[in-house]
Each structure stands twice: as C-alpha cells, then as structure tokens.
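Welcome, and please take a moment to look over the sequence and the 3D view. The briefing below is written for someone meeting this structure for the first time.

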Amino acid sequence: MTTPKGLERDLHYIALGDTAAFRRLYEATSAKLYSVSLTIVRRTDWAEETLQDAFIKVWHSAGDYSVTKGSVMSWLISIVRYRSIDLLRKRANQELSSTDFDDLPAPEVLDASLDKLTQSRQLQVCMDELQPTTRQCIQLAFVFGLSHQEVSEHLSEALGSVKSWIRRGLDSLKRCLQR
Amino acid sequence: MNYQSTELQHQLAARYVVGSMRGSARKRFQRLLMDFPKLREEVAFWEEHLYELTDVIAPQQPNDRVWQRIEERLGFVRTKQKLAKWPWLIGAFASLLLLVNVVLLTSTDSVVPTPIDRVAVIQNAEARTLWLIEQREQTFEVAAIGAIEQVPDQDYQLWMLPADGTAPISLGLLPKQGEVSLPISSRINLTEVAALAVSREPLGGSPESIPTGPVLYTTDLIIL
C-alpha cells in the first residue's frame, strides 16, 4: 500500500520524467480512480477512456501539483471526476435511462454507506449534521455524478427543492468543516 | 471584495466541485478559475474535504489495455506495427499508396495482423511529410516522421472533420517523435469523414471538445 508521502514522492519524480514512478502511481491508484469514473459514467469503455486521459494529464501536469493544494489522492480524484463529468456533458445520450436509475443505490443504502468514511472523522461528523435528504442529494451529485434534474427524478422530489437542499447543505457543510 | 461576491464564490466553487454545475456554466467557470486565485482556493477546499465521499465506492481493477494505451499514447513503447520500417515511403503520395498496396499484398498475418483501411499523410506548407497515419480496424497507427517543431509546452492534436459539417471530433494526440497507436472509439463514425485536421493545443490536448489552438494542417483519409 503506497503511503500519501510515497504518492507525493512519485509525483515529484514523474514531473522529472520518471516512467517507473508513473507506473507505480498507476498501480497504486488506478483501481480507485477507475471505480470513481465508472460510478459516474456507468460504461466501462467511457471509464477506461477517462482513466487514460486522466493519466496522460497526470504525466504532463505532475509539476503543477502542490502539497499546499491538498493530498495527491484528492488531486487525482478531482482530475478523474471532472473528466468524467465533462465526458457525460459531451456525449449526446447523457441523460440517465430508467435502467440507470435502477442501478443507483437506494437512499437508505447511501446513508449506511457513509459509515465507511473511516478516514475523515470530520467529514463524517459534518455529513451527519445534515438532513438525511440533503445528505443523499450531495452524495448522488458528488459520488454518482447526477445533475440536479437526475437527483430530483431519482428521489422523486421537486427540482426546486433539490437545488435548494444542495445549496443550503453545502453552506452548512462548509461552516461545519471550518469549525 | 464584498461579502456578497465572496458568498457567490463559495457557492460557485462548491457547485463546481460537487458537479451540479453543468453545461456552459461549467466551461465558463473553468475559464474563471484561471484568472481568480481565490476561486482556486475555494475549489481546493472542497476537493480536499469532499473527495473521501468516494470511499463508499469499492475499487475495481481496470483492464490491462488501459495501461497499454497510456504507454502507447505517451510514446513509452513502440506499437506492434513498425511503421518506421518504411522510411522510404516518405515522398510522393502516389508512390506511397502504391507501396502500401505492395506491402499489403505481400504481407503475412504475422506482419500485418489487421488490414490497413485508409491512410493519411500530413504535410507542411513545403510539402514535407510530418506524420503518416494508417487507419486499422480499431486504431490509428501514427508515426512522426518529418521535422516536427518541438514545442515542449504544447501538444499536437488530431481531429476528424465530419462530412455533415458538425463539430470536429478529437482522435487523440499526435506524437512529437516516434509512433503511437490511437484507439478508435466505437462511437466515432469514420465512414463520413470530410478531412483530418491537426491543431496545436495545451499539453494533454484541448480542454474543450473542439480545437482551441490554431489549426495547422488538414488532409484527407485515402481509402486503399
């Protein structure tokens, strides 16, 4: 298991053109990053394309990473999530079908899954302070890449309510995380 | 900066990171990020705090071909098809077509496992060949051949221009030297190609779905 420090060191080497470090970083993180993308784009070929693009970007942009901006995993996951969201936007058939909705976890499963947040006690505490529906909206958007409209359909709640819950939920979350 | 606009920054950054900001708003925000360090700080705050929400997803090993394609795209490995074994192909286009045909006719399966469907030659204004592109069943085999201007902070990107006049579709990044194999997405319809084009883009390719840099060269895909 590569430590966060190990990832930082490898990223530093990658910036200098070290292909062995690049391979190590791929082996340490690709399973996580692939699953993050697959959860959003829901197609193996698209997730593979996203992962390829993300690592090409990592190779070229490793020098842009700065420890002050956050952890390496946070940086990598952000690259993969944004690529995945951008890919959904570009594809014509980006709207979720009813089958896709069937594949999404039920609200109660989502809530239970938050217990897995073992690494960040603070995030777990702050998520716990939110209303259950607000919590689910934020998870569906962040983890599963759902748009406001799709969250609204999945939870059978009005679009306006979903928008307002997410906005207010993020405000509360920010206040809590800064405490 | 007044309180209201700071509030706005908080909200925009949060919506961007969470992913609920979509469409053109997302593209506009990405441009704003380049100009406003405060916005970048906000985005970094959310990225660092929220990424662990993805801990609920079980890691899943990607197929080995992903790493292979990455290595090929970055030019770490030579592709299976040794394009450079034909340096003498560089030259008049008519003779190129003739010679490729000869190679096809005389090749065994062990040399050319998948047939070449079409070829393209990208030349500069002086008619010097820069890249040789072969379209195979699932890939474009690309070889950088001529004197390609080495721009360390930029990449050359290959585009397909659809015959129906719709927006160009990216086919991948061209190598600055050596050879790469660019996978052809099953979603790309190559039967209706008007032309290929090459643009100069930021490292890693255009941040948009269309070229953002100057289009340097265009050429045709020729059916063999």
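What follows is a short tour by topic, from the contact between the chains to single residues.

This is a predicted model, in which local features need pLDDT of at least 70 and side-chain atom pairs count only at pLDDT 80 or more, while totals for chains, interfaces and linings use all residues. Residues are numbered from 1 along each chain as its sequence is written, chains are lettered from A and ligands numbered from 1 in the order in which they are written, and side-chain values use heavy atoms, with hydrogens and water left out.

**Where the chains meet**

- Chain B brings 52 residues to the contact and chain A brings 64 residues, where contact means heavy atoms within 4.5 Å.
- About 5500 Å² is buried between chain B and chain A, and carbon and sulfur atoms give 62% of that area; buried area is the accessible area (1.4 Å probe) that two parts lose on being put together, summed over both.
- The interface of chain B and chain A holds five salt bridges, a salt bridge being a side-chain nitrogen of Lys or Arg within 4 Å of a carboxyl oxygen of Asp or Glu.
- Glu48(A) and Arg65(B) form a salt bridge through their side chains, at 2.9 Å from N to O.
- There are also 13 residue pairs in polar contact across the interface of chain B and chain A, with both residues at pLDDT 80 or more. A polar contact is a pair of N or O atoms within 3.5 Å; within protein, one must be able to donate a hydrogen and the other to accept it, and residues adjacent in sequence count only if both atoms are side-chain atoms.
- On the side of chain B that touches chain A, the elements giving two or more residues are helix H1 (3-18), helix H2 (23-35), helix H3 (37-50) and helix H4 (64-73) of chain B. Helices (H or I, at least four residues) and strands (E, at least two) are DSSP runs, numbered from the N terminus.
- H3(B) gives the most to that side, with nine residues.

**Nonpolar cores**

- The largest nonpolar core has 76 residues, and those with the most contacts inside it are Leu11(A), Phe22(A), Leu25(A), Leu173(A), Trp46(B) and Ile70(B). Such a core is a set of buried Ala, Val, Leu, Ile, Met, Phe, Trp, Tyr and Cys residues joined through side-chain atoms within 4.5 Å.
- Helix H4 (residues 72-90) of chain A supplies the largest share of this core, eleven residues.
- Apart from neighbours within four places in sequence, Trp46(B) has contacts that include Leu170(A), Leu173(A), His10(B) and Tyr51(B).
- A second, separate core has 24 residues, among them Ile148(B), Ile184(B), Leu196(B) and Val198(B).

**The disulfide**

- Over all chains the count is one disulfide, meaning a pair of cysteine sulfur atoms within 2.5 Å.
- Cys126(A) and Cys176(A) are the two partners, with 2.0 Å from S to S.
- Cys126(A) sits in helix H7 (residues 121-128) of chain A and Cys176(A) in helix H10 (residues 159-177) of chain A, so the pair ties together parts that are 50 residues apart in sequence.
- The torsion about the S-S bond of Cys126(A) and Cys176(A) is about -80°, so the disulfide is left-handed.
- Both Cys126(A) and Cys176(A) are buried. Buried means under 20% relative accessible area, exposed over 50%, and partly exposed in between (1.4 Å probe, protein chains only).

**Salt bridges**

- Side chains of opposite charge can pair when their charged atoms come close.
- Over all chains there are 15 salt bridges.
- Arg43(A) and Asp45(A) pair at 2.7 Å, N to O, in a salt bridge; Arg43(A) is partly exposed at 30% relative accessibility, and Asp45(A) is partly exposed at 27%.
- In helix H3 of chain B, Lys38(B) and Glu42(B) lie four residues apart, about one turn of the helix, and form a salt bridge whose closest N and O atoms are 3.8 Å apart.
- Lys38(B) is partly exposed, with a relative accessible area of 38%, whereas Glu42(B) is buried at 5%.
- Glu149(B) and Arg200(B) also form a salt bridge through their side chains (3.8 Å, N to O).
- That pair links distant parts of the chain, 51 residues apart: Glu149(B) is in the loop between strand E3 (139-144) and E4 of chain B, and Arg200(B) is in strand E7 (residues 193-202) of chain B.
- Lys174(A), Lys38(B) and Glu42(B) are joined into one network by salt bridges that share partners.

**A closer look at Asp155(B)**

- Asp155(B) belongs to strand E4 (residues 154-162) of chain B and is buried, with a relative accessible area of 5%.
- The side chain of Asp155(B) reaches the backbone nitrogen of Gly204(B) at 2.7 Å.
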